[in-house]
2 protein chains.
Amino acid sequence: MELNDFLPYQLSVLSLKISKGIAAHYQDQFGINISEWRVLVILYKNPDITAKKIAQLSEMDKVRISRTLKTLVEKDYLTQQPHPLDARAKNYELNQRGKYLMRAVIPDALRYEEDLMSQLSTEEREQLQHLIGKFNRILG
Amino acid sequence: MELNDFLPYQLSVLSLKISKGIAAHYQDQFGINISEWRVLVILYKNPDITAKKIAQLSEMDKVRISRTLKTLVEKDYLTQQPHPLDARAKNYELNQRGKYLMRAVIPDALRYEEDLMSQLSTEEREQLQHLIGKFNRILG
DNA sequence: TATTAATTGTTTCAAATGAAACTATTTTGT
DNA sequence: ACAAAATAGTTTCATTTGAAACAATTAATA
């Protein structure tokens with residue numbers, strides 16, 4: 001077996017290649033970074049949730065979530081509200097500007113992915129989805 | 001739109017999951033981090049190459065390569081030699097300690113991969129290799 | 001109820017990162 | 001040949017990162 005074929009290495013190189021392009025694009029186009037993008041997407045799908053919940057959904061660190069939320073509030077894309085049952089927590093929600101931003105960003109993201117995926121056959125796309133699912137089950 | 005379906009996101013989560021486990025293991029077991037591991041593998045397969053070449057092969061930043069090479073020389077795993085045709089560049093090579101380290105690290109890495117891959121069928125393994133190759137061709 | 005443990009989220013600190021500036025050398029173009 | 005541009009690698013500096021410590025609050029238990 002060749003070390004060039006070492007799977008974790010190949011995967012990380014591939015993933016890095018893909019993220020780099022995306023990060024630059026979002027920064028240029030919308031002035032948001034990858035952390036912000038992820039939090040925004042989660043809040044678009046799950047209005048009125050806490051930082052803890054966002055951390056769970058995104059698989060991101062709680063420190064990073066805390067900072068990202070602070071930035072997004074400062075950039076005026078989110079509103080903060082006290083949590084009704086827990087004074088330690090806050091509920092976050094996209095405001096009008098946030099929703100407007102997402103209605104621009106999401107089609108853009110999907111177009112990027114479609115450009116990439118259109119170069120795979122239907123069969124290859126299915127295989128890819130299957131393999132990602134399988135790895136996630138294996139790795140817990 | 002589901003964040004969880006967005007391919008670049010899935011790939012980066014997957015790749016991060018795999019790397020984190022490996023990183024901790026290598027740090028504990030051999031005292032090397034992921035950058036060092038990558039550079040070592042490249043030098044194992046490609047003796048006597050320059051920092052630039054390593055950067056190309058690894059898709060890592062030239063600053064990071066420069067620092068990693070410096071560390072590996074300090075840890076006495078590599079030798080540096082002037083490049084015969086270009087006084088700006090240096091050639092790097094594993095020394096005896098470096099080769100010895102790699103002869104310990106590589107079986108360990110392969111065992112890790114084998115544990116992972118053994119959970120895939122032959123067909124799934126072939127699909128995985130095919131897809132990684134295809135993405136690399138698409139992304140250049 | 002009082003005390004301890006657990007939790008939510010923030011801040012601190014040290015390490016990792018990479019863009020930009022830099023040095024030294026080589027290549028290109030006239 | 002010579003000046004300008006490009007390249008290899010390093011250093012500087014500002015940003016990003018997350019572990020650990022922290023404050024505030026809630027839950028658990030005696």
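The model is predicted, so to speak of local features a pLDDT of at least 70 is needed, side-chain atom pairs count only at pLDDT 80 or more, and totals for chains, interfaces and linings use all residues. Residues are numbered from 1 along each chain as its sequence is written, chains are lettered from A and ligands numbered from 1 in the order in which they are written, and side-chain values use heavy atoms, with hydrogens and water left out.

Let's start with chain A. It has six helices and two strands, where helices (H or I, at least four residues) and strands (E, at least two) are DSSP runs numbered from the N terminus. Read along the sequence, the pattern is α-α-α-α-β-β-α-α. The C-alpha trace of chain A spans about 55 × 30 × 25 Å along its principal axes. Of its 140 residues, 42% count as buried; buried means under 20% relative accessible area, exposed over 50%, and partly exposed in between, with a 1.4 Å probe and protein chains only.

Now bring in the other copy. Chain A can be laid on chain B with an RMSD of 0.7 Å, by a turn of 177 degrees and a shift of 0.4 Å along the axis; the superposition is by least squares on the C-alpha atoms of residues with pLDDT of at least 70 in both. The two copies are thus related as by a two-fold rotation axis. The same surface serves both of them, as 94% of the contact residues of chain A recur in chain B (contact means heavy atoms within 4.5 Å).

Which residue of chain A comes closest to that rotation axis? It is A:Q127, with its C-alpha at 3.1 Å. Its counterpart by number, B:Q127, sits in helix 6 of chain B (residues 122–139). B:Q127 is buried, with a relative accessible area of 14%, and, leaving aside residues up to four places away in sequence, touches A:Q127 and A:L131.

Helix 6 of chain B is worth a look of its own. Its buried residues are B:E124, B:Q127, B:L128, B:L131, B:I132 and B:F135. What do the buried residues pack against? Their partners are helix 1 (7–30), helix 5 (96–117) and helix 6 (122–139) of chain A, together with helix 1 (7–30) and helix 5 (96–117) of chain B.

On a 1 Å grid over the protein atoms alone, a cavity is a set of points where a 1.4 Å probe fits but cannot get out, a pocket is an open set with protein on both sides within 12 Å along at least five of seven lines, and lining residues have an atom within 4 Å of a point. Grid points are joined across faces, edges and corners, and a volume is the space filled by probe spheres set on the points. The count comes to two cavities of 30 Å³ or more. The largest cavity has a volume of about 110 Å³, and its lining includes A:L131, A:F135, B:L131 and B:F135. The largest pocket has a volume of about 620 Å³. Helix 1 of chain B gives the largest share of the pocket's lining, ten residues.
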